[in-house]
Amino acid sequence: MTEATTGTKTGARTDAARMDAAPRLPVDRLLDDRGTRIIVCCGAGGVGKTTTAAALGVRAAERGRKVVVLTIDPARRLAQSMGIDSLDNTPRRVKGVDGADGGELHAMMLDMKRTFDEIVEGHADAERAEAILANPFYQSLSAGFAGTQEYMAMEKLGQLRAREDWDLIVVDTPPSRSALDFLDAPKRLGSFLDGKFIRVLMAPAKVGGRAGMKFLNVGMSLMTGTLSKLMGASLLKDVQTFVAAMDTMFGGFRTRADATFRLLQAPGTAFLVVAAPEPDALREAAYFVERLAAEKMPLAGLVLNRVHVSGADQLSAERALAAAENLEEGGIVDQESGNAGLRDSAAKADATDAGAGGGGTEADAKAEANADADVDADADVDEITAGLLRLHAERMQVIAREQRTRDRFTSLHPEVAVAEVAALPGDVHDLAGLRAIGERLAAGVPAGA
């Protein structure tokens, strides 16, 4: 048995061991299951959640599902990939998707403030809604209050689910420092809007008129004095006006937050944790897996993006480096003088023979020049070959490092199904690229693995 054959079999055994270490994520089965109504792509920032969500949407639509992809990614890469000039708070049909099996694809980008405005307009009479929308504190809250984006994402998810226009909703969760923010923020905002602080500010409005002001001045003068110093008298007034106008709506925030949380726990929802084969990203993924389990939310598996692979993994990094060093020193691995030396000697011999036969003519000079050129060309080939061998060695070292990182995750969570997606040479910017990602997702292992 040759060394190359042995190396190939070793590579095959390594691949088999990798697949045995963690079950393969059955992406197509997940997309084809009509009982799956919501897929949530979550994970740390910068790991490819948006691309994954878009690729899943394209693949599901071309397999017969009516899909809407909701993205909260401010980079707007989803719009570019799907050929849509701009996304907004209204789902837009994506052209170019093969709908032969009856599938459709729509995409939208969350407009946080517009979604909050829709809640106000849908749950307050026209006069009160106008007062709320014009309130400075509301405008600040709806545009950038901590947790508002995540809460509104869940509000929009609930709205889309209630419409029944699509049989699959794919959610690209907000980029955040911690993946756990996605689960925590809706509850935090609901608790804030329905909490003691708001109730305190609401108390004067509930009493009403002068009695209310007397209640505020006598019973809570210390608190409001402190709040005025912290917030400013004008802001405090805006907050109180906002609270009075939204009095009838506060319970609804908590109710909807609880309803959405239950929707995320329902059997028709599937969470996909997206990560890259890097320590920080997989550490974040592990935290998220554990949190989903604690909240009893259905985890479908892990999507591992940007995995490096090689079609020549039978050549180890060590052997590649050794071969490169030998070429750079003028030899090859198995021969002291090397092919370069043999070629050099042969070229000189040819030149000598030509000189002996021709007596030092112009033809002799040309022959010698050609021999020197051949030697230089061979040296260039050796240099290029050595460079390629070093690049291969670096790639194999990266692959080994990524595999060790992945193995640490699977050792902690051997029950989590995994789909690996090979790193691409460039960014995905069209439907063809999204289809390619979808095919790799469905395969479960990178091409060449």
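Me: In what sense do strand β2 (residues 66-71) and β4 pair, and over how many bridges?
Reply: They pair in the parallel sense over six bridges, where pairing requires that DSSP finds at least two bridges between two strands. Strands are DSSP runs of E with at least two residues and helices are runs of H or I with at least four, both numbered from the N terminus. Please keep in mind that this is a predicted model, in which local features need pLDDT of at least 70 and side-chain atom pairs count only at pLDDT 80 or more, while totals for chains, interfaces and linings use all residues. Residues are numbered from 1 along each chain as its sequence is written, and side-chain values use heavy atoms, with hydrogens and water left out.

Me: Which residue in β4 does V67 stand opposite?
Reply: V67 faces L105 there. Strand β3 (residues 92-93) also pairs with β4, but in the antiparallel sense and over two bridges, with R93 standing opposite H106.

Me: Why is β4 largely enclosed?
Reply: Five of the six residues of β4 (residues 104-109) are buried, so the rest of the structure largely encloses this strand. Buried means under 20% relative accessible area, exposed means over 50%, and partly exposed lies in between, using a 1.4 Å probe and protein chains only.

Me: What is the order of the strands in the open sheet?
Reply: The eight strands run β3-β4-β2-β5-β1-β6-β7-β8, with mixed pairing. At the edges stand β3 and β8 (418-422), and each has a single partner strand, so one side of each is left without a neighbour in the sheet. Helix α8 (residues 148-163) packs on this sheet and touches β1, β2, β4 and β5, where a contact is heavy atoms within 4.5 Å. The direction of α8 makes about 165° with that of β2.

Me: And β1 with β5, what joins those?
Reply: Strand β1 (residues 38-42) and strand β5 (residues 168-172) pair in the parallel sense over four bridges, and C41 has D172 in β5 as its bridge partner.

Me: Changing topic: at what angle do helices α3 and α19 pack?
Reply: Helix α3 (residues 49-61) and helix α19 (residues 431-443) pack at about 90°, with their axes 8 Å apart. Axes are lines fitted to C-alpha atoms, for helices over the stretch in contact, and angles run from 0 to 180 degrees between N-to-C directions. The two helices are therefore roughly perpendicular to each other, a label used for 65 to 115 degrees, whereas under 35 is roughly parallel, over 145 roughly antiparallel and the rest oblique.

Me: Which residues of α3 meet α19?
Reply: Among them are T51, A54 and V58 in α3, and the residues on the α19 side include L431, L434 and I437.

Me: Which residues have the most contacts inside the largest nonpolar core?
Reply: They are M82, L105 and L302, in a core of 97 residues; such a core is a set of buried Ala, Val, Leu, Ile, Met, Phe, Trp, Tyr and Cys residues joined through side-chain atoms within 4.5 Å. Leaving aside neighbours within four places in sequence, M82 is in contact with residues including A54, V58, L105, L431 and L434.

Me: Last one: is K296 buried or exposed?
Reply: K296 counts as exposed, at 69% relative accessibility. K296 lies in the loop between α15 (279-294) and β7 (299-307), and has a positive phi of about 60° although it is not a glycine.
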